[in-house]
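Subject: Structure handover

Dear colleague,

Here is the structure I said I would pass on. My notes on it come after the sequence and coordinates.

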Amino acid sequence: MKSELSNLKAGWKENWRTLAACGGLPLVLEGLLHLFVYGEISGRFFYPCMFALAAGCLLWIASTLFEERVNKVVFLTLSSLITVYFEIQFVYNSIFGEFMSFWQFSFGAEAVANFWQQMLYGIWEALPRILLLLLPQAALFVLVLRGKWGFRFPRSRRQMRVMAGALAVTLHLGALGAMALNNDNAFSVYRLYQNPNTATEISVQNIGLLPTARIECKYILLGETVSSVSASYYADGEKVDIDLAEMGENNMLAIDFDALEEETDDELLKKLDNYFAQQEPTRKNQYTGIFQGYNLITICAESFSPYLIDPERTPALYELSTNGFVFNNYYGTFGSNTTNGEYTYCVGLYPDLSRQKTTASFFASQNNYLPFCLGNSFKSVGAETWAYHNYAGEYYSRSDTHPNMGYTFKSATDGLDIELNWPSSDLEMMEKSVDDYIDSGEQFCTYYMTFSGHYQYNWDNPMSAKNRDVVEDLPYSETVKAYIACNMELEYALEYLMDRLEQAGIADETVIVLTNDHYPYGLTEEEYDQLAGREVDTTFEKYRNSFICYVPGVQIPVDTYCSTADILPTLLNLFGLPYDSRLLAGKDVLSEDANNYAVLSDQSFISADFAFDTATGTAAYFSEDLDREAADQRIVEIQQEIADRFSVSTDMLAGDYFAHALLGKEAGAAAVKGYDFTDITDAVGLGALDYVYGNGYMDAVSDTEFGFALPATYAEFLNALYEIDGGQETGSPAEGGAYAPAIAWAKENGLIDPSVGEVGDSTPLTRKNLSVSLYAYADYLGLNTWVSRSQVASYQKQYPDFTREEVKAICWCFEKAVLRASGTVESAFETAGGAMSRKLVLIAVYNYHLYILS
């Protein structure tokens, strides 16, 4: 026994330095990261410290399992990987102002291809601190390779590894215990640690980078789901009983959430039904429908700041920002990441920022039913809808996501004839797009995602260089001048747009809305202070931005506090478009039921009386006369409301909830049935398969294959319509093949494309055939088949090989999102003669069900 203890003591004497190095490396890296990013080591750093030391114990165990030479390689490899991970996250934070969640590493190649200049610039700007982060690992390399100061890695004794493991467990449990002792509010460190919906940024600040990576990997790799600690909507509450006679006073639809909950077997949808049954709708107000019949142009302005606005330098922006509805307390929710800001602005939900996240929310929504997006809402009242972006449509998959919102979409790589640059010109985008809609004579809704204001801000930026003369004499640093210069392109685009609206005589009946996608993260805090002309608070004030809602001759100041998610319901109310206010994350700012607080992406919030910072768990109060007890109670209530809305938004995305609530349970299930078909290669067609195959409208070719890739026949497509219609007997005798009754029914009701002639069981199906039949079927059902004459005339002139009825059919199917082609009507015509696969027929019939029949 004495000999064993002596050997153990000797072993620790030989290994204590390496154990200290293993624990010290993650501890020093966490400390440096916190100092570089947050400028201080707060009291909450205790938790990253404990977790870092625990990780160090595990690193030591892994580095002492083998003979010494191998152990050195293991240690240097693992410690290098840890250091590189810290370096990558620090560089990302230096550029974008936030940390990267683990799933975003899957975008590595795309990020390098599109942001390589920004990455090099970011590395150069942060180089001194990057080298400091690298210093501990460099020192360890020297010490280990030279064997200096006893830094050796002999094989450790089993007892020593057990002791190190026990120490790791003790440190880990000690951290959790300390968290549990201070678990006194919804944003305590314990709840942030346990909650799967905690955002990466908040997690890193409170528990450290390595534990955050470990937790996110656990969710991604194991697919683990844990009920959110903060998600009170999972619990039963008091349901709201609304008299149907009072429905007209509220922005709501006649949705029976209790019936929906009874009808579905999906637990996620049941929880959401239960939650929405407890929500009060917002009331209509004096501004409801005042813009009904007006045109709408919405702009998501890249990295926009209200401090760009100057009455002399930017007269268009000044005119827009000081007239119409002037929202004086608007805050942009997001600090970086365009797709998140754009998603909330367009869809009215918060993006999935949870630890389970595996893809961007906008990308995930591309096959969901999104009836309240402005494109779909305006299309429902017969308006033309267009969307534009002056970069590649493939980036962030806008060529897929934006048509799903109801727009005809054009980008620099798909239909928009502009020079592709980094960044490209907003003015050029405006010049090449306005003619699509301005003289149509029809109501229109147009959306722009701008690009000219994109980081980086120097004279290598082509938009900054283009407008350098305008800012040459301004009293700012070169970076701030370059930022203003590239954003002058937005100003010129707006000047051009406003001039064209005046010339067309429709300026007085066109509303222009503009907000930012995110804070201009390419500016340092000092540079943003310089732009603002004063020191800007970095917790809340830097997010203060513009929600421009302009119409000539109107000037209505609005002091209600609001943020990105509140824009969509506000616009739907102003234009008198039907929507259910309970189903959106924000609220109509002009309603008496408005939230009157602004929400940030980390679930912090600010109101006129107080603010709450999630990262530190602290509140700030803005009035000495404030009743602190009542204010604290209200803060807790708002914390829960916001946490619920983030969780609910995530679950609505996962469950395609709008389809469930508005189209019926069969369209809205989050998890489709399991199929044994071996030719299912992706999830794009599974919802369609659930509807079409599940309801017996089309058959599989065998027990093991559905036949997705096989060419579809006209007869089987007509049979699907026949079955959807009820499969009634026709007045004509049905003789011939298996599909004879369906063909006879279609012929009798004028649903067959006249150019085909006689249809047999093997007649091939083209996109044009399908469009003509679906258009004719809508007319047969007495549905709205209106297509503007100007549009028909324009496309018939452009494509003279098509008859007038064929042009109407293709335009109608495209506008109704039945046929999406690659995002433009032109592409629908150009592919009209192409054969349809069975998979494309599935999707077209499913879309017809979602957007037409339902």
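The notes below go from the whole chain to single residues.

This is a predicted model, in which local features need pLDDT of at least 70 and side-chain atom pairs count only at pLDDT 80 or more, while totals for chains, interfaces and linings use all residues. Residues are numbered from 1 along each chain as its sequence is written, and side-chain values use heavy atoms, with hydrogens and water left out.

Whole chain

The protein chain has 33 helices and 14 strands; helices (H or I, at least four residues) and strands (E, at least two) are DSSP runs, numbered from the N terminus. Of its 854 residues, 59% are buried, where buried means under 20% relative accessible area, exposed over 50%, and partly exposed in between (1.4 Å probe, protein chains only). The chain exposes about 34,600 Å², and 52% of that comes from carbon and sulfur atoms; the areas are from the Shrake-Rupley method with a 1.4 Å probe, and for residues only the protein chains shown count as cover. Contact means heavy atoms within 4.5 Å. Among contacts between residues at least 6 apart in sequence, 74% join residues at least 24 apart.

Cores

A nonpolar core is here a set of buried Ala, Val, Leu, Ile, Met, Phe, Trp, Tyr and Cys residues joined through side-chain atoms within 4.5 Å. The largest one has 151 residues, and Tyr437 and Phe717 have the most contacts inside it. Helix α20 (residues 478–504) gives the most to this core, twelve residues. Leaving out residues up to four places away in sequence, Phe717 touches Leu765, Leu770, Ser773, Leu774, Val841 and Val845.

Sheet

An open sheet of mixed pairing is formed by eight strands in the order β5-β4-β6-β1-β7-β8-β2-β9; two strands pair if DSSP finds at least two bridges between them. At the edges stand β5 (408–411) and β9 (555–558), each with a single partner strand, so one side of each has no neighbour in the sheet. From one strand to the next the twist averages 15°. Strands β4 (residues 384–389) and β6 (residues 444–449) are joined in the parallel sense by six bridges, and Trp386 stands opposite Thr446 in β6. Helix α17 (residues 426–433) lies across β4 and β6, at about 155° to β6; axes are lines fitted to C-alpha atoms, for helices over the stretch in contact, and angles run from 0 to 180 degrees between N-to-C directions.

Helix α31

Nine of the twelve residues of α31 are buried, so the helix is largely enclosed by the rest of the structure. Among the buried ones are Trp812 and Phe814. Ala817, which follows α31, has a positive phi near 65°.

Backbone points to check

Most residues other than glycine have a negative phi, and most peptide bonds are trans. Cis peptide bonds join Trp422 to Pro423, with omega about 0°, and Tyr455 to Gln456, with omega about 25°. Pro423 is in the loop between β5 and α17, and Gln456 in the loop between β6 and α18 (462–466). Ser397 has a positive phi near 55° and is buried at 14% relative accessibility. Gln603, with a positive phi of about 75°, is also buried, at 10%.

Regards
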